[in-house]
Amino acid sequence: MEGVMRRVIDFLAPLGLVVIVGPLALQRVGRPLPGKPEAYLIAGAALILAHLLLRWDEVARLVGPRQMKYGANTAVLVAVVVVILGAVNYLVYRHTKRWDLTKNQRYSLSDQTKKVLGGLKEDVKITYFQRALESASGKDRMQEYQGASPRVKVDFVDPIASPTKAMAYEVRGPWPILVVERGSKREKVSNDSEQDITNALIKVTRDTKKTVCFLEGEGERDIDDGADAGFSAVKSALGKNQYETKKVLLAREGAVPADCTVMAVAGPQHDLLSNEVDALRRFARGGGKVLVMAEPEMKVSTPNLDALAKEWNVDLGRDIVVDVSAASQLFGTGPLTPIAASYPFHEITKDFRVMTAFHTARSAEAGKGSVEGVTAQNLVQTSPASWAESDLTLKEPVEMNEGKDRKGPISLGVVATIKASPPPSPSPSPASPSPGTSPAASPSPADAPPSPPEGRVAVFGDSDFASNALLGFQGNQDFFLNTVAWLAQDADLISIRPKEPEDQRMFLTRQQQQNVMIVALLLIPGAFVVLGIAAWWKRRG
């Protein structure tokens with residue numbers, strides 16, 4: 001009987017190893033056992049410990065008293081180290097701190113994502129469909145979203161292990177696929193990039209879609225044009241931020257359509273007609289939002305557009321901005337492509353630390369005087385090594401002429417708020433009250449009609465900065481989209497947006513690949529062999 005018990009006890013340690021290693025191996029091949037892996041680990045460790053305790057006499061005899069003494073000391077030290085590491089790990093888990101040292105902060109949430117998450121007022125559920133063995137990076141990404149907002153709830157689903165749930169959400173590979181839900185709204189994302197996840201969050205959390213209308217008929221930039229001068233990239237960027245876009249022939253309409261949240265005039269090649277100016281004026285005075293991107297008057301003068309800007313206390317200069325700063329030389333853009341990195345404080349450019357590039361731009365400055373009901377301020381300025389060139393023919397040499405040209409910094413953009421005109425009130429009856437009748441009580445503030453929203457205007461002396469050729473330059477896209485968001489009063493969309501990760505792969509020619517192989521497989525190992533032989537020869541001598 002005693003011999004049987006000994007054999008059973010001897011079998012405990014191998015069984016414990018099998019209990020620990022077996023579930024891990026099965027999980028690796030995609031056949032996980034029921035229950036949590038930690039339970040199998042604890043059970044296996046308990047079997048091994050039971051074996052050691054039940055056969056302690058033999059263990060002590062084999063090891064010896066002296067070794068047992070030192071072994072006990074070592075075990076105590078190991079236990080102390082394990083406890084310290086466990087405490088540190090617990091603190092780190094409860095108080096996460098990460099440092100992202102990658103270029104463009106590739107593994108950190110952007111300002112826009114943090115702003116969107118911080119503004120969540122309802123719970124948002126993200127169902128993440130991915131194979132269990134390939135979901136590590138996705139879990140890291142979702143942990144950042146959950147850490148930024150307790151409103152984000154994430155459910156990881158292995159579509160192979162749980163096909164019923166995948167069918168319920170109507171998702172099919174390739175994986176990963178994310179389903180973002182808020183209430184009855186649902187949006188599917190076919191990858192786990194931050195830009196796509198955040199855009200899906202914006203979609204499900206916004207109750208209404210706003211429209212940015214683009215004026216056409218005077219040679220403006222075309223939002224369907226994919227050439228360098230076109231605005232197709234602007235249309236795509238606005239769509240990703242949940243803005244609809246459409247073209248408006250204002251000369252025919254006579255008034256800005258009611259569904260236009262923002263009316264954009266993007267680089268007209270001809271002056272605006274009087275009825276177009278009247279429509280824009282009424283729209284802004286009625287609480288509408290207008291974005292004007294003018295161009296230098298090098299071929300055609302635009303007195304109507306300039307006069308309209310003047311009503312908003314914006315002075316569009318009859319000039320072209322020249323920049324000879326080191327920044328323009330660094331990017332190789334030339335003197336007619338001013339680089340701006342100075343932004344007077346405004347909601348649009350708050351925490352803006354990137355450069356923006358313009359091309360063949362005219363000055364646009366807040367007026368020195370005042371216009372009733374209008375508050376204007378400069379938004380973006382060039383460097384002191386620039387000037388506003390008054391000679392629009394640009395005869396060589398192009399240089400700063402004191403008394404004719406204005407020295408930089410030169411403002412290239414202005415934003416203004418316009419006190420909306422109140423609706424006309426009915427005129428009082430001229431009839432005097434009859435004797436014995438008391439005058440009517442004055443209306444209370446609660447009975448007064450609500451004040452109309454303020455009009456907002458942004459005027460720039462350039463439209464090239466938002467063209468397909470320049471929209472991808474450093475801060476140009478964020479600058480344009482922040483301006484639209486400010487006009488549309490979408491404060492949560494004014495931020496620095498997530499960037500697409502750069503492709504940083506290294507492509508080697510065949511000769512370069514052979515050189516790397518020779519260095520890695522021959523030269524470096526050979527150097528160690530030579531050093532070893534030299535050391536042996538020195539000791540032998």
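Reader: To start with one side chain, is Y169 buried or exposed?
Author: In this predicted model, Y169 is buried, with a relative accessible area of 9%.

Reader: And how many aromatic pairs turn up if you search the whole structure?
Author: A search of the whole structure gives 13 aromatic pairs. In one of them, the ring centres of F129 and Y169 are 5.6 Å apart and the planes stand at 65 degrees, so this pair is edge-to-face.

Reader: Where do F129 and Y169 sit along the chain?
Author: F129 belongs to strand β1 (residues 124-129), whereas Y169 is in the loop between α8 (163-168) and β3 (177-182), so the pair ties together parts that are 40 residues apart in sequence. F129 is buried too, its relative accessible area being 0%.

Reader: What about Y343 and F479, how are those rings arranged?
Author: They form a tilted aromatic pair, with 6.3 Å from centre to centre and 40 degrees between the planes. The pair links distant parts of the chain, 136 residues apart, since Y343 lies in the loop between β11 (339-342) and β12 (356-357) and F479 in helix α15 (residues 476-487).

Reader: Which cluster do ring pairs build with Y343 and F479?
Author: Ring pairs join Y343, F352, F358, F460, F465, F479 and F480 into a cluster. Of these residues, Y343 counts as buried at 14% relative accessibility, and F479 is buried at 1% relative accessible area.

Reader: Changing topic, which ring does the charged end of K139 sit over?
Author: The charged end of K139 sits over the ring of F156, at 5.8 Å from the ring's centre. In another such arrangement, R206 lies over the face of Y243, 5.2 Å from the ring centre.

Conventions: Residues numbered from 1 in each chain as written. Predicted model: local features only at pLDDT ≥ 70, side-chain atom pairs only at ≥ 80, totals over all residues. Heavy atoms only, no water. Phe/Tyr/Trp six-rings, centres within 6.5 Å; stacked < 30°, edge-to-face > 60°. Helix = DSSP H or I, 4+ residues; strand = E, 2+ residues; numbered from the N terminus. Buried < 20%, exposed > 50% of the residue type's maximum accessible area, 1.4 Å probe, protein only. Lys NZ or Arg CZ within 6 Å of the ring centre and 35° of its normal.
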